[in-house]
Amino acid sequence: MSEQQSKRILVVDADDKSRAILVASLKPLGHHVTTAVDGQDALQKIVAEPPDMIILDVMMPRLDVMMPRMNGYEVVGRMKGHDENRFIPIVMVSGLKDEKARVAAFDAGVDDFLIKPVGRTELKARVGSLLKVKAYHDHVRSRHKKLEAEVEARTIQLQRAREKINLAARETILKLSRAAEYKDEETGAHILRMSHYAAAITRTLGLGDELAETILHVSPMHDIGKIGTPDSILFKPGPLDTDEREVMQQHTVVGGMILEGSDSDCIQMAEQIARCHHEKWDGTGYPRGLKGQEIPLESRIAALADFFDAVTSSRPYRKQPFTPAKASSMILEGRGTHFDPEVVDAFLKSEEVILSIRCRYQDRKDSRFNKRASEDSSMTVLGQ
Ligand SMILES: [Fe+2]
């Protein structure tokens, strides 16, 4: 027998003579045979070096032995209840031609049952057959583990690729947001504040950290479409006429066009926000006059965040910004008309966080408020 075919067989029998007979029968078959004298001894050896097969005596407790020993059935139960060892075939041997013992052995999970004395030919046949089954199980399990490892490695690769793509998408968002700021530099702080407000409202709505984080990163692009607004309108110091207002409102459409067609979930959300952040709950907003839940939730959130920051910030067309308390009361007034009622409630519940964000991201003292900026957000409610 080649080394490859030689298997490890553990013989467990409390009786020295029986054990020796079994060992003597197995060794000529070319297997590496080890022995254990009781159940406890067997389990320790199985843990130390799992065998390919176990020949196990029933080992019923003897009346003349004071210390109870783990019998063969208990050993089988422990083995079959263990994930790693349950595929090791067990042949139980007994000196009793007892049908109940045989049934109990199979109930416990043994793979075969032999009556002592076991003939060498029969033992060779049974052992050979069960070792083949064991070898097949080992092959299948090994293949399964290999496949699991391949799937895990592939999953890690995909995760890394996804992380790289997400990073690239976020960088793109940042670059586009900077482009919008360059054109419409009302303040970088406005973009930071409104996106943090939107994230805070999202969390209060119970929509989870992941969505809040995404909204935080995509909200800065809400006014990206102002890249397409003529400077004569964007920077006009006085009120806009009807035609100019229509052109100004086109920044939502232009923003949507800039961002459309992306496979990235983040950019798709940014597109929705750019298109719909001036829609109103009651359908009187623009550009499409969407109503209620026709307006994407992230846009309803961004709309309120944008409005709050616009009215509480200094603007060239307004002597003083509104106080946060006044802005909150205006938002409450717009509950169910301008704004989604649930978003308003979440905003009001988030007041403490909102105020701390407002303190954290203040406008630079040298900011040039010479542009129309978020006029379209704040002035529609102010009636200008
Ligand atoms: Fe806007």
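Analyst: Let's start where Thr252, Gly255, Gly256 and Leu259 of helix α10 meet Ile267, Ala270, Glu271, Ala274 and Arg275 of helix α11; two residues are in contact if their C-beta atoms, placed from the backbone, lie within 7 Å. That set of residues splits into four nonpolar, three polar and two charged (Ala, Val, Leu, Ile, Met, Phe, Trp, Tyr, Cys and Pro count as nonpolar, Asp, Glu, Lys and Arg as charged, and the others, Gly among them, as polar). Keep in mind that this is a predicted model, where local features need pLDDT of at least 70 and side-chain atom pairs count only at pLDDT 80 or more, while totals for chains, interfaces and linings use all residues. Residues are numbered from 1 along each chain as its sequence is written.

How do α10 and α11 lie against each other? α10 covers residues 251–259 and α11 covers 265–276; their axes come within 7 Å and cross at roughly 170 degrees (axes are lines fitted to C-alpha atoms, for helices over the stretch in contact, and angles run from 0 to 180 degrees between N-to-C directions). The two are therefore roughly antiparallel, the word for angles over 145 degrees, with those under 35 counting as roughly parallel, 65 to 115 as roughly perpendicular and the rest as oblique. Their crossing is left-handed, meaning the near helix is turned anticlockwise from the far one by less than a right angle; clockwise would be right-handed.

For a contrast, look at α2 (residues 39–48) and α3 (residues 72–80), which pack at about 25 degrees with axes 9 Å apart. That pair is therefore roughly parallel, and its crossing is right-handed. Gly39, Ala42 and Leu43 of α2 touch Glu74, Val75 and Arg78 of α3, a set made of three nonpolar, one polar and two charged residues.

Staying with α2, its Gly39, Ala42 and Ile46 are buried (20 or more other C-beta atoms within 10 Å of a residue's own; 12 or fewer is exposed, in between is partly exposed). Seen down the helix axis, they fall within an arc of 60 degrees, so they line one face of α2. Exposed Gln44, Val47 and Ala48 sit on the face turned away from that buried side. The cover over the buried residues includes strands β1 (8–12) and β2 (32–36), along with α3.

Stepping back, the chain has 16 helices and five strands, and 34% of its 384 residues are buried.

Methods
Helix = DSSP H or I, 4+ residues; strand = E, 2+ residues; numbered from the N terminus. Arc of directions from axis to C-beta.
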